[in-house]
Amino acid sequence: AEGVPPQGEGFQPALGRLLADRLGYAPVLLSLPRKRLAKALESGEGDLLCGYMPDWLPGPFRWSQGFIDVSDLLVSTTRTRAPAQLHQLAGKPVGTLSGYRYPLLEQQLGRHFVRSDSTSVKTSLQRLLAGRYDYAVVGEAALRYYLQHDFPRLPLNPPQVIQRVQARCALSPQAPLQLAELEQAIERIQRDGSYAALLAANPWH
């Protein structure tokens with residue numbers, strides 16, 4: 001899953017290790033394409049996946065409380081004007097992440113939503129800088145990180161918020177872990193400051 005690894009190991013692995021530690025498990029981390037995640041979770045190949053929402057990952061999963069702030073921003077280069085309305089993106093390529101869904105853009109643009117998929121936020125921003133497209137959808141935390149480190153001079157218009165959600169963790173129906181145990185572990189990492197430290201080193205999305 002997509003994270004920002006330079007200062008750490010990436011959000012998903014780091015969160016997995018943190019929760020496993022609080023739960024008393026030895027974590028086994030799987031790296032899978034996003035399109036295989038739901039099937040792996042449903043079959044029991046994996047037990048836990050975090051950073052998603054039920055409508056992004058349909059299936060018979062047990063969902064935790066929302067606690068992962070996900071803010072998707074539409075960014076545009078100063079080569080063009082920032083769109084006043086999303087429908088102005090119709091027919092124009094938009095930098096997106098492979099395997100991710102963008103419900104609001106899908107709803108507003110329909111078949112005129114032209115995705116240009118990348119496997120990472122960094123690649124998406126590199127293509128934006130190179131002129132492959134003028135618009136991209138990027139997570140707020142990841143954008144802030146890359147503007148501070150890899151792309152300090154990226155010429156952007158002020159970003160526009162597309163959506164803000166509190167993403168959750170999904171438990172496989174075959175996982176031995178109980179949802180109540182997971183909820184308690186999530187509450188512990190929020191109380192003791194370890195989740196805040198993880199976010200500082202590994203911004204999500």
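**View 1. Gln12 sits in helix H1, which covers residues 11-23.** Helices here are DSSP runs of H or I with at least four residues, strands are DSSP runs of E with at least two, and both are numbered from the N terminus. This is a predicted model: local features need pLDDT of at least 70, side-chain atom pairs count only at pLDDT 80 or more, and totals for chains, interfaces and linings use all residues. Residues are numbered from 1 along each chain as its sequence is written, and side-chain values use heavy atoms, with hydrogens and water left out.

Is Gln12 buried or exposed? Gln12 counts as buried, because its relative accessibility is 13%. (Buried means under 20% relative accessible area, exposed means over 50%, and partly exposed is in between, with a 1.4 Å probe and protein chains only.) Look for the backbone oxygen of Cys50, which lies 2.5 Å from a polar atom of the Gln12 side chain.

**View 2. Leu49 is part of strand S1, residues 48-52.** With a relative accessible area of 9%, Leu49 is buried. Which residues is Leu49 in contact with, leaving aside its neighbours within four places in sequence? They are Gln12, Leu37, Leu41, Leu57, Arg168, Cys169 and Ala170. (Contact means heavy atoms within 4.5 Å.) So Gln12 from the previous view turns up again here, as a contact of Leu49, going by that heavy-atom cut-off of 4.5 Å.

**View 3. Arg79 is found in the loop between strand S3 (68-76) and strand S4 (93-97).** Arg79 is partly exposed, as its relative accessible area is 45%. Not counting residues up to four places away in sequence, Arg79 touches Leu128, Leu129, Gly131, Tyr133 and Asp134. The one from Leu128 lies 2.8 Å from a polar atom of the Arg79 side chain, and the one from Tyr133 lies 3.1 Å from a polar atom of the Arg79 side chain. Pro155 is 76 residues from Arg79 along the chain, yet their C-alpha atoms are separated by 8.2 Å.

**View 4. Tyr135 belongs to strand S6, residues 135-139.** Tyr135 counts as buried at 5% relative accessibility. Leaving out residues up to four places away in sequence, Tyr135 touches a list of residues that includes Leu74, Val75, Ser76, Pro83, Leu89, Pro93, Val94 and Leu128. Thr80 is also one of the residues touched, and the side chains of Tyr135 and Thr80 make a polar contact at 3.2 Å. Leu128 links this view to the last one, since Arg79 touches Leu128 too, with heavy atoms within 4.5 Å. For a residue elsewhere, take Asn202: Tyr135 and Asn202 are 67 residues apart in sequence and 24 Å apart in space, C-alpha to C-alpha.

**View 5. Arg164 lies in strand S7, residues 160-171.** Arg164 counts as exposed, with 52% relative accessibility. Which residues does Arg164 touch, not counting those up to four places away in sequence? Val70, Ser71 and Glu140. The Arg164 side chain makes a polar contact with the side chain of Ser71 at 2.7 Å and another with the side chain of Glu140 at 3.1 Å. Phe151 is 13 residues from Arg164 along the chain, with 24 Å between their C-alpha atoms.

**View 6. Stepping back, the protein chain has seven helices and seven strands.** Its radius of gyration is 18 Å, close to the 17 Å that the globule rule gives for 205 residues, so the chain is as compact as a globular protein of that length. (The radius is taken over C-alpha atoms, and the rule is 2.2 Å times the number of residues to the power 0.38.) From the N terminus on, the elements run α-α-β-β-β-β-α-β-α-β-α-β-α-α. The C-alpha trace spans about 50 × 35 × 25 Å along its principal axes. Buried residues make up 45% of the 205 residues. Of the contacts with a separation of 6 or more, 71% come from residues 24 or more positions apart.

Key. Polar contact = N/O pair within 3.5 Å; in protein donor to acceptor, adjacent residues only side chain to side chain.
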